[in-house]
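Biologist: I am new to this structure. Can you walk me through it, feature by feature?

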Amino acid sequence: MKRVQLLAACGLLAAASVHVQVYAQGSQPGLQDTEDCRLAQRDLDTARNSIARNEAEKRDQVNAAIAKANAACGSSTELLQPPAKAVQPNAAPNTPTTITNCNANYCYDSQGGVFRKSSNPNMLTGPDGRVCHRSGNVLNC
């Protein structure tokens with residue numbers, strides 16, 4: 001703690017905060033004072049402040065620097081985790097569609113959907129590109 005006060009008094013607050021951060025994260029006493037640890041911490045700061053093509057690339061760069069700093073300083077900083085993916089609810093089951101009328105190339109359903117006819121009179125392509133099977137006036141897609 002006296003080292004932190006001394007560094008802060010000398011105007012080296014940034015160095016003190018790195019020292020405190022490494023020590024507070026469970027580093028082994030003595031390792032944070034090594035040249036390897038200081039270089040690893042510098043590399044970690046550089047990785048955190050760097051610009052990457054995307055978030056995944058930046059996360060990989062920072063995680064590599066964290067692992068290097070953990071090894072050099074004896075710390076146990078946790079790696080960055082990828083963001084949680086939103087779970088999409090299951091789509092509603094396909095409900096049959098009722099055809100209201102047809103012309104030479106298209107059929108129309110009761111909800112305004114347009115279905116393109118194919119060479120098979122019982123097969124139509126729906127508005128979303130799915131192939132639908134026609135049974136009378138009902139389509140199953």
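Modeller: Let us start with one residue. C73 is buried, at 0% relative accessibility. Keep in mind that this is a predicted model. Buried here means under 20% relative accessible area, so 0% for C73 is well within the class.

Biologist: Which residue does C73 form a disulfide with?

Modeller: The partner is C37. Their sulfur atoms are 1.9 Å apart. A disulfide is called when two cysteine sulfurs lie within 2.5 Å. The link of C37 and C73 is right-handed, with 105 degrees about the S-S bond. C37 sits in helix α3 (residues 35-49) and C73 in helix α4 (residues 55-73), so the bond ties together parts that are 36 residues apart in sequence.

Biologist: Is C37 buried or exposed?

Modeller: C37 is buried, with a relative accessible area of 2%. C73 is buried as well, at 0%.

Biologist: How many disulfides does a search of the whole structure find?

Modeller: Three. Count the bonded cysteines along the chain, and the pattern reads 1-2, 3-4, 5-6. Another of these bonds joins C102 to C107, with 2.0 Å from S to S. C132 and C141 are also joined, at 1.9 Å.

Biologist: What is the handedness of the links of C102 and C107, and of C132 and C141?

Modeller: The C102 and C107 link is right-handed, with 105 degrees about the S-S bond. The link of C132 and C141 is right-handed too, at 100 degrees.

Biologist: And how accessible are C102 and C107?

Modeller: Take the ends one by one. C102 is partly exposed, at 34%, while C107 is buried, at 0%.

Biologist: C107 is in a strand. Which way do the side chains of strand β2 point?

Modeller: The general idea comes first. In a regular strand, side chains alternate between the two faces of the sheet. Now the case here: β2 covers residues 106-109. C107 and D109 point to one face and are buried.

Biologist: Which strand do three bridges join to β2?

Modeller: Look at strand β1 (residues 97-102). β1 and β2 run antiparallel, joined by three bridges. One example is I99, whose bridge partner in β2 is D109. A hairpin through three residues links β1 to β2.

Modeller: β2 also pairs with strand β3 (residues 114-117). These two strands run antiparallel as well, again with three bridges. Here Y108 stands opposite V114 in β3.

Biologist: Which residue in the hairpin of β2 and β3 takes a positive phi?

Modeller: That is G112, with a phi near 90 degrees. This hairpin has four residues between the strands.

Biologist: Back to helix α4. What does the side chain of N70 make a polar contact with?

Modeller: N70 lies in helix α4. Its side chain makes a polar contact with the side chain of S75, at 2.8 Å. The cut-off for such a pair of N or O atoms is 3.5 Å.

Biologist: Is N70 buried or exposed?

Modeller: N70 counts as buried, at 16% relative accessibility. Leaving aside residues up to four places away in sequence, N70 touches S75, S76 and T77.

Conventions. Residues are numbered from 1 along each chain as its sequence is written. This is a predicted model: local features need pLDDT of at least 70, side-chain atom pairs count only at pLDDT 80 or more; totals for chains, interfaces and linings use all residues. Side-chain values use heavy atoms; hydrogens and water are left out. Buried means under 20% relative accessible area, exposed over 50%, partly exposed in between (1.4 Å probe, protein chains only). Two strands pair if DSSP finds at least two bridges between them. A polar contact is a pair of N or O atoms within 3.5 Å; within protein, one must be able to donate a hydrogen and the other to accept it, and residues adjacent in sequence count only if both atoms are side-chain atoms. Contact means heavy atoms within 4.5 Å.
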